[in-house]
Every structure is written in C-alpha cells, then in structure tokens.
Amino acid sequence: MTEKVLDWNSYKEAALTCASEGIVLLKNDGSLPLAEGMKIAMFGRAQNHYYKSGTGSGGMVNVSHITDIREGLEDSGRVTVDKELAAVYDKWDSENTEYNNLGWGREAWSMEEMPLEEGLVKDASLRCDAAVIVIARTAGEDRDNSAKEGSYYLTAKEKDMIRLVTSVFSKSVVVLNTGNIIDMSFVDEYGPSAVLYVWQGGMTGGTAAADVLTGKVNPSGCLADTVAKELGDYPSDANFGKTGLTDIYKEDIFVGYRYFETFAPDRILYPFGYGLSYTDFAFEDLKLSMDEEDLKISLDVVNRGTVPGKKACLIYVKQPEGKITKPLAVLAAFAKTDIILPGEKSRISMDIPLSRLVSFDDDGRAGLGTGWVLEEGEYEFFAGGSLADSVRAGSYFNEKSYLTEKIEPVAAPVEEFERLTRNGYEKAPLRDERYRELKERIIPAEIPRTGDKGIKLSDVKAGKNSMDEFVAQLSDEELSLIIRGEGMGSMKVTMGTAGAFGGVSKSLAMKGIPAVCCADGPSGMRIDSGKKAFSLPNGTCLACSFNTDAVEKLFGYTGLEMLSCKVDTLLGPGINIHRHPLNGRNFEYFSEDPLLTGLMAAAQVRAMEKNKVTPTIKHFCCNNRETDRRKMNSVVSEKALREIYLKPYEIAVKEGGARSIMTSYNRVNGMFTANNYEHNTVILREQWGYKGIVMTDWWASISRDGKPVEDFSLTEHSVMARSQNDLYMVCHEVEDEFINESDVMEELKKGTCEKISRAELQRSAKNILEFAAETAAFDRLTGDGVRIVHENNPFCEDDVDVTVDKYYDVDNGCEIIVDEDTSDGSDLVFGVTGRIAGEYDMVATGISDLGRLAQIPVTVFITSIPISVMSWNGTEGKEEERHCKFYIFPHSSKSLTVRIHPGRPGVRIVKIKISYSNPLPEHPFGDG
C-alpha cells in the first residue's frame, strides 16, 4: 500500500486562490481596497450568514465551520468591524429566525432584512470610515430562482438599506454573496462607491471576500455571464418556464454575449469578460502565428499601475458571416498571468485550434454536407477582458470553405419552431425519421455464455484473460443486476454517500468486481452520515477566475480527499449552460459560454484522474431549468445542441479524458435523455469516441417503450440500456431477490430483442467493468490501495450532547410512538436495552409533505457510531417505512444510545419498531 499526503493547509490555500480570483469587481470609485486601520460598519443580515453554496444535492456538504464575511474582515488584521452595529444585528438576528430551512426545494432564496432607522445609520457613520453592505441569495436543485423580490430582484428593505447607507457614507461597498447574477439596476439608482460579486466561495469564502476587500488580494475575476439591463432582455426569457412543460430554444445559438454583442449591445449593463482591478493593465506586442493546424496568439501583459496583480486575457474571434449563421464573435481562448509587479510585464501564449473557429451546418446550406464547416473569409482576433474593451490581435484568412468533420445530424428536433439567425427567424431543420432507435440501432455480437469459469476481474487486469471471457461468465440475472446502482446510502460503500455500482450483488462481488462509490457534488463531497468534507467554491466563481491551472490544482486536493473517504467518483461538475439567470442550479454550472465551461470541466477531470478518482460530468444535456424538470421538454435545433449545449461535454471528453457522464431528467426534442440512443450511443460513443460509462440521474424518468411521450417509467431498464446508458441510478437494493424490480429479465425471456438483447446488456456490462477496473476501489480490493496521510486536518467530528431520558427493552421487540417533531431537523434520541446478542431490525415510519424528488438523509447512530443512513424522499404526506439493522454483541454493553439524525428538515418520524431478527453472523461487518 502506497501513501499520499493531503496537507489541508495547502488545500485551503488552493480554495482561497480560486475563490478570491473568481471575485468580480464591477465598480470602484477608489473606495477599495479598504485602507489599513479603517473602521468598517457592516450592514445586511448576510454579513454573518454566508451562503457557501446553493441548495440541493450540489451543495449539501457537511462542514465544521463556514467563514462569513464579517469574520473574514475581523480576522484580516487590516481593518476593524464596528462592534456596536454588529451587536444590533446579532440581537435582531437571534430574535428573527424565519429564514430557516423549510426543506428540500422550499428553501428561502434570501433572508428577511433587518429594518434600518436613519439614526442608526448616521450614528454608525460618525464612528466608521466606510460601510460594507452584504446582499445574499441562494437557489438550487428543484428550486429555480424567481422574477420576484428576494430572489432575482432586491427587496424593498434591501433597497432602503442601500439607499440609506449610500446617502450617509461617503464610502459604501456592496458585496453580493450569490450563486448567480441578479438584477443590478440598483447600482445606477443608488450609486454605491464599489460593487463586487463574491459568489459562493465555499466554506472559506468569507476569507476570500475579506482578502479582496482589504487589498491582500487584487481582484482579477471576469464575468462568466452577461449582465443585462433587464431580465426581459435575455433572449431566452420568453421561453423559460413560461410555456408549461416545453421550453423552445428559439434564440438558438445566440445565448448570452453571442446574442447581446450581435443584436443588442445597448442592453448590456456589464459585459461577459468584464472585471476591474486595483491596478491598470495593457496588452502590447500582440502576435498571431500559425503552426500546422493551430493558430497561436502571444502578447505582453503590462502592469501600468501601482500594485501587483493578475490579469485574465480573453481572445475573441469575429468570423465571416458566410452561408452559416454565426454570432458577431465567440470566445476562442483565454489565459491568466501570474502576479505581475508594477512596471513589469508577462508574456503569455494561447493556442487556438481551428476546431474552435468552425460552425455546425445542420442542413447542408454551405453546399458541403452536414457537419463542422470552416467557411471562407477573414477571421479577426481580439484580446481583452470584454469584447468592447479588446484590442485587435491579428487575422487569419481562409481561402476556401471546407468540411472539417462530416457529422450525421441525428439529434434534430421533431417539433416545428422558428429559430433566430443573423437575418431574422427561420424554421429550424427537422429530422426525417422521428426516432430511429428500435429499427436502426446497432446490436453488437453476443458473447456466448460459458458459465462461471472462476475468472476474476483481477485476472482480466493482469492480462490472464480477456474482458469478453470474463463477461461470458455472467448469467442473465447478473447482467440484469450489474446495470443497476444501489442507493442512497448503500452500506456496501462509504456510508451516507449517493450510491454504489459494480459489485453490488453478492454474486457480482464474488467475481472480484468492486463496489464503486459515488458521492454527490460538485461543491465538495456530500456524505450524509455527518462526516465532514471540504466545501468548494461554486461553479460560477470558478469560471470567473478564468484560471484553469488554479482549478486543476484545487481539484487535485479534492481527489486526495475523495481517496481518503473511499469515494471513487464525485457527481459533478455540472456543465449545463447558463441559458437564463433564473435557473436554480446555475450556481453549480459555470457559464453562458461553452468553451469556458468545457475547459473548466476538463481541468477538473485531469486533476482527479491523477489520483485514480474521477468526476461524473452532468447533466447530459439541456438541464437548464429546475421547474418540472422530470417532464420538461427542451426543444432545440441540432446546431444549437452541437455549438452550445453539447460542446462542453465534447471538450471534457476529448481534452479532459472524461470517463463518467450522467444524463439528465428532462426530455430533449421529445425523448428522455436516460434512453436517448442518439445522444448516448451515436454522438457520445460513435462520433466522439467516448469509452466510459453513462449513468442516469437518481430515479430518472425513462420513456415507456422508448416512445417520445410525457409518460415515463422507473423500471424499464431495458429501454435505458439499449441506448447505452449503462447504469440506472438508483435502486433501493441490488440483489437476486429484487431481480424483478426491472423489466430486463422479462424482456430477455421473450427472446425477441425488441426492447433489449443479451448482447446489449453485455456491452453495458463491459463499459461498467472496464471503468471499475480503473478505480481506487479495485485497487483497494486487490490490496494495492492508497493510504492518505493527513496533515493539518481541521475536521474533528463535532461533539454532540446526547441525553437519554427513556430506554426500551428490545429482547421481545418494541414499538416506540414518537412524540417529538423531527420535521424541523431535530434529533430523536432514545436508549435500548437487550440481553440477547444478535442482529436487530429497526423500522422507522415517517411522513414528509415534500415532493418525490426531495432528499432527506436520516443517519442512525448507535453509541455515537453511524451505522446506517435511511434516505427518505418526499412522501407527499403519506406514511412510508425505512429499514436498517444493528447488532448487540455478547461482550458489549447491553444498553445502547440511539440517535436518529435528520440531515435536514422535511421528514417527521412517527414510529420506531425494533425486533430481533437473526443470530450474529460470523463476520457481521464483512472481511475487512
């Protein structure tokens, strides 16, 4: 066993670098940085309620401490925070707790603000040198933002706070702790001295914000999205959640700056790529050269100011209009300097493959067939932050249009609609055949079944046997089970994680297949047992850093942390596009730009793979809103799919080496992505050469019989697997006794191959096995695992004060009627006594009025040791049961303390039944 060191101080520094470099300074009249020795008046309830991330599975990271912005400033040693005003806020905050979590998908977008009196503000101005106002927002899974006050718009109290503070203080700074852009009209209306987005910077985000505010770090972030003057200016606004279950992507390729720079530059408030610094930079000696198939731009970045700083350089290309519709300009490359001292310069170079200049022709209008086309004409390059502030870097002239890659257009819509072009609207090209899946799918050759030959997966890895020889051993039952994952909270992997797959049944495990562990991400590992993990900066913040090297360094540490927790794949990053500001999961995603999104994802893939763990990029594809996400239909042209929504995945696969992808809940052009053959087989594997696994989102919808309808199934795994979506995530338990909780065995018995063939199941089994053989889980199983040595680990499990008032005798079984209300997230604590050693069953009955996709983890602790996570979904007001087991040993104490700990509000435990079930097994916790 080898050893690797995880230095948590270095981990923290890497996170602080990303969080601080992602902060975007939008306005500064000279009030920032805050001068050393200043006394600061802090306004806004969020000053000590920092949002480390958004909500839902992407943000549920257990941490021991979150540094808020007030704490960050107090700890900076550079400024002091006015204690008198802080005490007023603390008192009001303790008396007004209505902002508390209301359960999955019902979280408040913001906190009720403390009403301000003019006298309080004036008194503070007499004691202090400057004011810092903190505004915070959150949203997330199952919880879109809203075009309402308290979400996208400021509330009346927030506006009044900014108005009062800016009218009294000569120096007023507005800090936006949000996961996404919000309405920014308040800047012109009230005129604060400085404004900056600090985003959601993870558990150390308050420190990062303080570092930038005080000048310890010079801001270098640039907007990864366009901030428009009004919400209605976004071209997707008319078709975002306003037409029932269907979103029609009429704006086509004109997303974000592609639209605004082409059609509406006057509606831009803050452009894509915009971001101020405390110093001044200039680009000099710009040179464009060509080397084989790549263009290269090199330039000097000169610091003309008075303080050190970093500078991001974005390269845009203006393409010739030609026959294929194109936006005015697109991002072609970007890079970031190291710190440049005043008066110094740094030379940077950026490669621009010609593949970044091509356009997708989805109907052959250029006369060259369908696929990627480089049209004739001049390609002009510009270097800068935003396009408006860029300088010309040179041009490349392509003398003749040619097809760089012929592509079969397999993903076109079936529903007629009009899409935007440079010359107005036109009808989007439709596909000739509605769905080719059943009659035209390619079925591989079947591997004849041999029965069990004693071949282990390690024999394949060692080269003793082929993978086909291994797969030939698998029975129909094993093929049916291997395409299922188990969760949430499977006991076969790290407790409290999202799921397990691979060797999850007894027979599969006996063949040496590891149980592969996945944990929710992307903002760190969600482990519902209560185990602490590092909470990372959110996707928007990372993208605004424009620093893939820093992101890669950070996620190298995350990979080590995953190894230490025996987590093999992190469910993230999310690489859907910021199509509209109200998407609740924008905090998880990176940007409105597909190149920036794809390169950030590729950096994370490379970083984790160094430690033999990997991210699962998601949600493939067009998961661009949360409302009605299970049935939503995204109607989009193939051109927009290829250039905007599929492009980040293509980059992550081809440039990052991604080998795990999760499909989405929604339909794309009528078909659920979980069983979309064109996406999962034709595009992903045949056209891109992808070699990894594809899994569904948790409890995903599958089209019944593969038909493009709103109705769906959770058990037609045959339809899923034939599309080469390899894994259904998740089933409650994956064992032989649950074999018929899927339609696969029934379909195999028919022998018609109409829904599924044995060969297609073998193909998915090979995908899963080849993935599993390259995991740390496999190495641990074969004795080649890695031991993580922790240095400066801040995560000591919190002490929990547990008082037991009542004990129950379980020798003859007991039933406990629960009087306490756990729906607010409170623990349920009781004691059990038993004289009979053995295995005991615990059955908890609970009720939740949340929807079926809500996730409420409930951890069961016996004598402070977590022994199970009973994962509840919302029950829509109906009683449901969850089961777990625990043991009483002959030589252990016969009085045990039981603590049932809901990870979040939402479920009310009404009854507990405990009964003796079996004698102690010989090895109750397995062999190791």
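Helices (H or I, at least four residues) and strands (E, at least two) are DSSP runs, numbered from the N terminus. Keep that in mind as you click. The model is predicted: local features need pLDDT of at least 70, side-chain atom pairs count only at pLDDT 80 or more, and totals for chains, interfaces and linings use all residues. Residues are numbered from 1 along each chain as its sequence is written, and side-chain values use heavy atoms, with hydrogens and water left out.

**Stop 1: Ala208**

Select helix H7, residues 205-213, and find Ala208 in it. Is Ala208 buried or exposed? Ala208 is buried, with a relative accessible area of 1%. Buried means under 20% relative accessible area, exposed over 50%, and partly exposed in between (1.4 Å probe, protein chains only). Now show what Ala208 touches. Leaving aside neighbours within four places in sequence, Ala208 is in contact with Leu16, Ala19, Ser20 and Ile23. Contact means heavy atoms within 4.5 Å. Ala208 and Val843 are 635 residues apart along the chain, and their C-alpha atoms are separated by 45 Å.

**Stop 2: two helices**

Select H3 (residues 83-95) and H4 (residues 118-127). Two packed helices are described by the angle between their axes and the distance between the axes. Here the angle is about 150 degrees, and the axes are 10 Å apart. Axes are lines fitted to C-alpha atoms, for helices over the stretch in contact, and angles run from 0 to 180 degrees between N-to-C directions. H3 and H4 are therefore roughly antiparallel to each other. The cut-offs: under 35 degrees counts as roughly parallel, over 145 as roughly antiparallel, 65 to 115 as roughly perpendicular, and the rest as oblique. Which residues make the contact? Glu84, Leu85 and Val88 come from H3, while Leu120, Ala124 and Arg127 come from H4.

**Stop 3: a sheet**

Move to the open sheet of three strands, in the order S11-S12-S15 with antiparallel pairing. Two strands pair if DSSP finds at least two bridges between them. Strands S11 (281-291) and S15 (345-353) stand at the edges, each with a single partner strand, so one side of each has no neighbour in the sheet. On average, neighbouring strands are turned by 20 degrees against each other, direction ignored. Zoom in on S11 and S12 (residues 294-303), which pair over nine bridges. Click Phe283: its bridge partner in S12 is Val301.

**Stop 4**

Select S16 (residues 359-361) and S17 (residues 371-374), an antiparallel pair with three bridges. Phe360 has Trp372 in S17 as its bridge partner.

**Stop 5: the largest nonpolar core**

A nonpolar core is a set of buried Ala, Val, Leu, Ile, Met, Phe, Trp, Tyr and Cys residues joined through side-chain atoms within 4.5 Å. The largest one has 221 residues. Select Phe43, Met184, Phe381 and Trp698, which touch the most other members. Helix H16 (residues 594-609) gives the largest share, nine residues. Stay on Met184. Not counting residues up to four places away in sequence, Met184 touches Leu26, Leu176, Val195, Tyr197, Val227, Leu269 and Tyr270.

**Stop 6: Leu684**

Finish in helix H19 (residues 677-687), at Leu684. Leu684 is buried, with a relative accessible area of 0%. Beyond four places in sequence, Leu684 touches Phe620, Val653, Ile661, His679, Gly689, Tyr690 and Val694.
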